[in-house]
Amino acid sequence: MLRRYSNSRTFQDNLRLGVFTALIAGMVNLASLVLFYSFTSNLTGHFAILTQEIADGKWFQMLVVLFWILLFFSGSFLSNNLIINSTKKNAFISHSIPMVLEIGCFIFVGIYGQFFYTETLTQTEILVSVLLCSMGLQNGLTASISNFQVKTTHLTGLTTDLALHLSMLTKKKYRMNVQVVEKTKLMAAIMGSYVAGGIFSGLIIHYVQFQVFYFISAAMLGVLAYDFAKTYVPFFMNKKQHDATLKARLEKLQSSIKTNTSKKNSVLESK
């Protein structure tokens, strides 16, 4: 899911990435709506609020909303900056760092919400800020490593693109186009996963409250562990096999040298 970059990724790589991250985005968005009465997986509504605050002359609230937008922006900027500057050294590590930072955001919100949150406006604004930053990290990560094929934190553009692709599939020549068909499947899977994540979060949020962020973090750690195993287990197995082959060749070479030396000594002794 995280091991390949840009055009080297397969459709299955992007499909798994899109499904998983859309589930996370759907769960986070529903949880923040229930707990904070605010959306955190997209910015469209926040831009509307920003313009309303400016029109009403409420400058402090305008700065708060602007700060939220900048945090989402910063998360996406940081993700892409980390990836483009370190992918050549180790793709898995560079792609994992934004996800680790995202997990840190969720754990912070979960712990603070469970033990310290008293529902003040300032606390709510801070926790919403952290979640918006986490969604920026996720959107930057998925868009960057998939060459902009996967974006999972907002559905306006996705719904539009999916409608366009479905309309294209009404014509036979597009149904024969593999890229169009795969793109349609990918967007439909992302949309379905986002909705499924929201439904699941809605079913458990009233029982677990802020602990929902622990579930999300655990799922993400599971994905990181799976990708780590897929990346490094074959590497170490191949290295062990390579070392064994090298050792066998070395022993064969030493044996050959020893035999040749014995033959030369025999010839010299006969003379």
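# Briefing: helices, core and side-chain pairs

Apart from neighbours within four places in sequence, Phe-36 is in contact with Ala-31, Val-109, Tyr-117, Thr-124, Leu-127, Val-128, Leu-131 and Phe-210. The structure is a predicted model. Phe-36 is also, with Phe-106 and Phe-213, among the residues that have the most contacts inside the largest nonpolar core.

**Nonpolar core**

- The largest nonpolar core comprises 54 residues.
- At least two residues of this core come from each of α1, α3 (59-86), α4, α5, α6 (156-168), α8 (178-208) and α9 (212-270).
- The greatest contribution is that of α1, which gives 11 residues to the core.
- As a general matter, nonpolar side chains in soluble globular proteins tend to be buried together.

**Helix α4**

- Helix α4 covers residues 91-115, and its end C-alpha atoms are 37 Å apart.
- This distance agrees with the 36 Å that its 25 residues should span at 1.5 Å a residue.
- A kink of about 30° is found in α4 at Ile-97, shortly before the proline Pro-98.

**Helix α5**

- After α5 comes Asn-147, which has a positive phi, near 55°.

- Ser-134 is located in helix α5 and counts as buried because its relative accessibility is 0%.
- With neighbours within four places in sequence left aside, Ser-134 is in contact with Glu-102, Cys-105 and Phe-106.
- Between Ser-134 and Asn-260 there are 126 residues of separation in sequence, and their C-alpha atoms are 68 Å apart in space.
- Ser-144 also has its place in helix α5, and at 6% relative accessibility Ser-144 counts as buried.
- Not counting residues up to four places away in sequence, Ser-144 touches Tyr-5, Asn-80 and Ile-83.

**Aromatic pairs**

- The structure has a count of 9 aromatic pairs.
- One of them joins Tyr-112 and Phe-116, whose ring centres are 5.7 Å apart; their planes stand at 45°, so the pair is tilted.
- Tyr-112 counts as partly exposed because its relative accessibility is 24%.
- Phe-108, Tyr-112, Phe-115 and Phe-116 are linked by ring pairs into a cluster.

**Salt bridge**

- The structure contains 1 salt bridge.
- This salt bridge is formed by the side chains of Asp-13 and Arg-16, at 3.2 Å from N to O.
- Side chains of opposite charge can pair when their charged atoms come close.
- Asp-13 and Arg-16 are separated by about one helical turn, because they lie 3 residues apart in helix α1 (residues 11-36).
- An α-helix has 3.6 residues a turn, so residues three or four places apart point the same way.
- Asp-13 is buried, with a relative accessible area of 1%, whereas Arg-16, at 40% relative accessibility, counts as partly exposed.

Note on methods
Residues are numbered from 1 along each chain as its sequence is written. This is a predicted model: local features need pLDDT of at least 70, side-chain atom pairs count only at pLDDT 80 or more; totals for chains, interfaces and linings use all residues. Side-chain values use heavy atoms; hydrogens and water are left out. Helices (H or I, at least four residues) and strands (E, at least two) are DSSP runs, numbered from the N terminus. The expected span of a helix is 1.5 Å times one less than its number of residues. The bend at a residue is the angle between axes fitted to the seven residues ending there and the seven starting there. Rings of Phe, Tyr and Trp (its six-membered ring) pair if their centres lie within 6.5 Å; planes under 30 degrees apart count as stacked, over 60 as edge-to-face and the rest as tilted. Buried means under 20% relative accessible area, exposed over 50%, partly exposed in between (1.4 Å probe, protein chains only). Contact means heavy atoms within 4.5 Å. A salt bridge is a side-chain nitrogen of Lys or Arg within 4 Å of a carboxyl oxygen of Asp or Glu. A nonpolar core is a set of buried Ala, Val, Leu, Ile, Met, Phe, Trp, Tyr and Cys residues joined through side-chain atoms within 4.5 Å.
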